[in-house]
Structure formats: structure tokens, C-alpha cells
Amino acid sequence: MEVVRRLKIRNSLGLHARAAAKIVELADRYRIRTCFLGRMGARWTGSNILSILTLACPKGTEMEVRIVGEDSEQFMAEMDALFQDKFGENK
Amino acid sequence: MRQDAVAGEKSLKGIAVYPGIVIGKAHLVDRSKVKILYQYLVNTEHLNGEVERFEEALRVVEKEMQSLKNGMAEKVNDLSFILDSHLMILKDSMLRDSTIRTIQEEKINAEWALKKSLEKIRKVFDQIDDEYISNRISDVENVTERILRTLSGKAQQSLSEIDRRVIIVAHDLSPADTTELNIGKVMGFITDVGGRTSHTAIMAQALEIPAVVGLESATDVVADGDLLIVDGSTGVVVVNPDDGAIIYYQEKKLQLEDYRSSIARQSHLPAVTPTASGSPSRPISNFWKK
């Protein structure tokens, strides 16, 4: 089962270390390495903090998130909520 | 200002990051970089052993960081995030998988392969426009240095083992170092590098420990066990002070403590602003004036 969605980065600092760490935490919880985050052709698995950081996404960037696997729907819903919630930041 | 400084006593000036005066013995922390040797490994058996040695080093470092994180005082919980991200870097394929691949393909030792991975990551980070993100390479360097130390068998001098009241003197302190500080034992710290917004400065503020950073030559000038006076308000550090200096700073310290406790004693009273007429007026919050 594959789910693909475009998610927008809404916090003012963009996808910095703390936000990237939250994505990695989530991906680790699902224990699958089949979550891909993409921007402008670059794609990385969601469990690598450095790779996510090197995508260097400022506020407003739309990322393509592709999740493959059994719980992909649930995983995507949580990922979506994380982006909506500005990674838990108030700005 | 004191004028009677004598020979033998040296004075340094850096960036003050947390106010307060401490007088105590210096504890020099050696954080010189580990030397890396290149080794070519012909034997397949050696290569497998090398991969295993690297993976074992990662496990050791992971365990160290986990126990640091677990033992961290609640006060600095905010900074446990730094350790979390270091744990993630440790597992990152750009560091881990790439090093293992380099060991196998180029038939070289783990240290050299790890160094190559770091250089590769540095190149990617150098190209990032966002200064905040490109600066995160320092976190990768901290993690790499820890792995290299473990590989070399040169145990990291742990700051958590300090059992006397001392003032830490270091070239720089990594975030992991600062989280290891035994808060009850460390009176203050001074470093050669760092600025007002460096990890060390943030840590000093979180722990409320007098600190001076950016002293440039502190580790050259200060020897282990030297008597130090650190003035975290002015950024002045006096090495091997004479009696006059000690008395001067003792008094300044007492005044500062008196002043602080008087503020603390009055803090329960309502804020009052004296007016021209002499009768006190209570301040009104701007909120109600809208």
C-alpha cells in the first residue's frame, strides 16, 4: 500500500534540526524505512536526520511525502498532523 | 578598579556569558583532536574485523550518550534535545552506512573511512545557503570525534567524574560535554572559543554558572590546579591572583550576593513607582489602556 501526499512546511524556522528530529522519531516509531521525503528531485528516507536537513526546506516549501507499507495511511495521518501542528512550534 | 596587580598574576578578558564571581582551582580539560592514521587492509578477514570494530564503537558511543541523557538534571532537559539529535546522527546512513561501505570498497581502516564520510557530509552542508542548517555540521563533527576517540581506545575524559569543586578550563566544550558537567561540582567555566550565542553560553545560562567564553588563550595560560578568579559579569579572568586581588573579588562577590538576596527578599512586595508628588503610584498594565 502506497500513500503519497504533498505537505507544506508552516513553521517560521522551516525544517531545522528540531523539526527534522520529530520526523525521524515518527518514522522510527513505524519501524519502516519506506517513508520518503522529497524536494526538487532529491529524495531521502525519513529515518535519516542529516539527509532531511540537507534538503534545506524553508517555510512554505511543499514536500512530497511517500509512504509504502502496511500502516501507511495511519503513518501519513500522523505525518500530516505533525506538519499541520508546525512541528509543535508556536510560530 | 584595582590598580595594585603584581607580577605572577595574569589577567585575561573574554566574553561574559553568565554573571557572578567564583574563586577556585582550575581543571584543565583536554579535548585535542585524535590523530588519524591511514591503514590499508589487504586481508578480507581484517576488513570484516574492521567493520565489526566500527559497529562496536557506535554501540559504545550510543550507550554513553543514552546514559548521559538519562542522567541529565531536569534543569537542562531542554538541552536533552541536542543529545537526541546526536543519537540520530550516529544512526544516520550518511555516517554509518557510508563508512562501512568505504571500509569494504577501499579496504581501509575505520578511522580513515569515517573521516572520509565526515568530509563528504561537510561538502553537502557547505552548499546549503541557510546558515543555521549549514552550521549543524558542528554536531556531526562532535559525534565523529566521539566515535574516533572510542576507536582509538583513548577514553574520553569524562566531566561527570569530577569530584572536587573546580572551574573548568577548556578550548571548547561540546554540547555532550556540557550536559555531562556535574552541576554540584562545577563552580564556573572558561573557554578559548565561543560567543554569546554558543552552546556553552546557553548552557551556562541554563545552569546559572558564572562563565566567560572567547578568551582565546585560556588553555595556554592556565595550568591544571592554578587558582582562578572568574568574573562572569565583566568577562575578566585572573590567573594566580595575589592576596590583594582575592580580597578585592571576595568583597565584590559578597556585595553581589547581598544585592541579589535583597532583591529576592523584596520580590514579594507589590511594584511601586515613586511619583513627583511623593505619593507612590501603582503601575497599570498597558493591557487595560487599549
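Mentor: Happy to. On the α1(B) side of the contact with α6(B) you will find R53(B), F54(B), A57(B), L58(B), V60(B), V61(B), E64(B), M65(B) and L68(B). Facing them from α6(B) are V143(B), R146(B), I147(B), T150(B) and L151(B). Do keep in mind that this is a predicted model.

Now for the geometry. Two packed helices are described by the angle between their axes and the distance between the axes. Helix α1 of chain B covers residues 44-70 and helix α6 of chain B covers residues 137-152; their axes come within 9 Å and cross at roughly 120°. That angle makes α1(B) oblique to α6(B), since the roughly perpendicular range runs from 65 to 115 degrees. The crossing of α1(B) past α6(B) is right-handed.

Helix α6(B) has another partner to look at. Helix α2 of chain B, residues 80-91, packs with α6(B) at an angle of about 65°, and their axes are 10 Å apart. These two helices, α2(B) and α6(B), are therefore roughly perpendicular to each other. Their crossing is right-handed. From α2(B), the contact uses H86(B), I89(B) and L90(B), while α6(B) contributes D139(B), V140(B), N142(B), V143(B) and I147(B).

If you take the contacts in chain B between residues at least 6 apart in sequence, 64% of them join residues at least 24 apart.

A218(B) belongs to helix α9 of chain B, residues 218-221, and it counts as buried because its relative accessibility is 0%. Leaving out residues up to four places away in sequence, A218(B) touches L12(B), V169(B), I190(B) and D192(B).

Let us finish with the rings. Over all chains, a search of the whole structure gives four aromatic pairs. One of them is Y30(A) with F75(A), a stacked pair at 4.4 Å centre to centre with 5° between the planes. That pair links distant parts of chain A, 45 residues apart: Y30(A) is in the loop between α1 (17-29) and β2 (35-39), and F75(A) is in helix α3 (residues 72-84). Y30(A) counts as buried at 14% relative accessibility, and F75(A) counts as buried at 0%. In chain B, the ring centres of Y248(B) and Y249(B) are 5.0 Å apart with the planes at 90°, so this pair is edge-to-face. Y248(B) is partly exposed, with a relative accessible area of 27%, whereas Y249(B) is buried, with 5%. Finally, look at W112(B): the charged end of K115(B) sits over its ring, 4.4 Å from the centre.

Conventions: Residues are numbered from 1 along each chain as its sequence is written. Chains are lettered from A and ligands numbered from 1 in the order in which they are written. This is a predicted model: local features need pLDDT of at least 70, side-chain atom pairs count only at pLDDT 80 or more; totals for chains, interfaces and linings use all residues. Side-chain values use heavy atoms; hydrogens and water are left out. Rings of Phe, Tyr and Trp (its six-membered ring) pair if their centres lie within 6.5 Å; planes under 30 degrees apart count as stacked, over 60 as edge-to-face and the rest as tilted. Helices (H or I, at least four residues) and strands (E, at least two) are DSSP runs, numbered from the N terminus. Buried means under 20% relative accessible area, exposed over 50%, partly exposed in between (1.4 Å probe, protein chains only). A charge sits over a ring if NZ of Lys or CZ of Arg is within 6 Å of the ring centre and within 35 degrees of the ring normal. Axes are lines fitted to C-alpha atoms, for helices over the stretch in contact, and angles run from 0 to 180 degrees between N-to-C directions. Angles under 35 degrees count as roughly parallel, over 145 as roughly antiparallel, 65 to 115 as roughly perpendicular and the rest as oblique. A crossing is left-handed if the near helix is turned anticlockwise from the far one by less than a right angle, and right-handed if clockwise. Contact means heavy atoms within 4.5 Å.
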